[in-house]
Amino acid sequence: LAGEPVDVTDFLHVLTAEGVLDTEPDPTDEPPVDRTWQRCGRLLFSPVGWAVQVSLALAGAVAAIHNPSLRPHASDIVVAGSPLASVLVMSLAAVLCTLLHEAGHVLAAAARGIPSRLSIGRRLYFLTAQADLTALWSLPRAQRLPPLLAGLSVDAALTGTLILAQTAGIPAPIANVLAATVVLQVAAIVFQAAIFMRTDLYAVLATLSGSRNLWALKTATFRQAIGRPTTDDHNLLTAANRRERSWAIAYLALYLPGLAAAGWYLIAVSLPGLGYLITLTAAGLTQFNLGTLRTWESLAAIIFIAAPTAGTIAAAAIAGVRSLRASLENRGQRIHP
């Protein structure tokens, strides 16, 4: 920035001399991936493992085609006598399915010696679990795709298994839960198509495009289109090649309609659903009695569903306000023609 050359070699020598930079590898360092996880990943995502998962998914699909009663229906999500009990059972099933989905990512990455880390985050106003697969960028492009698609593969195989299990004469209460879980799994698979929220398929798109900065490039492209690019946006677009800019434009064309659809879903579904859930829990707590199941159902619904959902929506709203405020405060940093 000052127009002077940077002596990187001297800088590194100083860091080494001061003990900040250690140039000798530590022989006691643990391997980046646990060997047990690596073996499990290599087994589950070997050619045979992939074939088994695909076979289970296809077998379930064939069974559902031949037997209409096995096809997912919205009414299947009612699995208990009370609405709150059904919501709680479905929430528990959703958590278990999410853990299996993320375990697929972790094991597929471990099979290639890539460490990963699980965390809880949000996509817009949706609370999500996510596996950090950033280290996949150290692999060739073709080797990144299996870990990115592993979650969807596990989802499809699990859905097929649940459909097939219903044909085994399982008692009605368990069969009802299995049918409801199939509905959740189909919804989760469809949700992955919402690439405007950086789902698994967004990561696949970013990999195929070869752009590590697809998300940031999309934002920079949008600001440039409305005449409000910042200095950072200008630098990012200047550094990007023509292919990366083309992918950013294509992704922006998907992102804006998706964002509008998500806004509609928030107003038409999420907020009314949250309001209905709060009404149910309030009714259950009107006559507070720890000796009744209804009181415990209401408390569990508040703690595990209503509170996290409301908190995530509030966090999304706060983030949106901060982003808007930052945009207004950074007017002076815009690039003017």
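D132 is partly exposed, with a relative accessible area of 29% (buried means under 20%, exposed over 50%, partly exposed in between, with a 1.4 Å probe and protein chains only). The model is predicted: local features need pLDDT of at least 70, side-chain atom pairs count only at pLDDT 80 or more, and totals for chains, interfaces and linings use all residues. Residues are numbered from 1 along each chain as its sequence is written, and side-chain values use heavy atoms, with hydrogens and water left out.

D132 forms a salt bridge with R117, the closest N and O atoms lying 3.6 Å apart; the term denotes a side-chain nitrogen of Lys or Arg within 4 Å of a carboxyl oxygen of Asp or Glu. Because D132 belongs to strand β2 (residues 126-132) and R117 to strand β1, this pair ties together parts that are 15 residues apart in sequence. Helices (H or I, at least four residues) and strands (E, at least two) are DSSP runs, numbered from the N terminus.

The count of salt bridges comes to two. In the other pair, D233 meets R223 at 3.3 Å, N to O. D233 lies in helix α9 (residues 231-239) and R223 in helix α8, so parts ten residues apart in sequence are tied together. D233 is buried, at 6% relative accessible area, while R223 is partly exposed, at 29%.

Attention now turns to the second largest pocket. Its lining comprises 31 residues, of which K218, Y255, A319, G320 and S323 lie nearest the centre (a pocket is an open set of points on a 1 Å grid over the protein atoms alone, where a 1.4 Å probe fits, with protein on both sides within 12 Å along at least five of seven lines; lining residues have an atom within 4 Å of a point). The elements giving two or more residues to this lining are β1 (117-123), α8 (214-225), α10 (242-285) and α11 (293-329). Helix α11 provides the largest share, nine residues.
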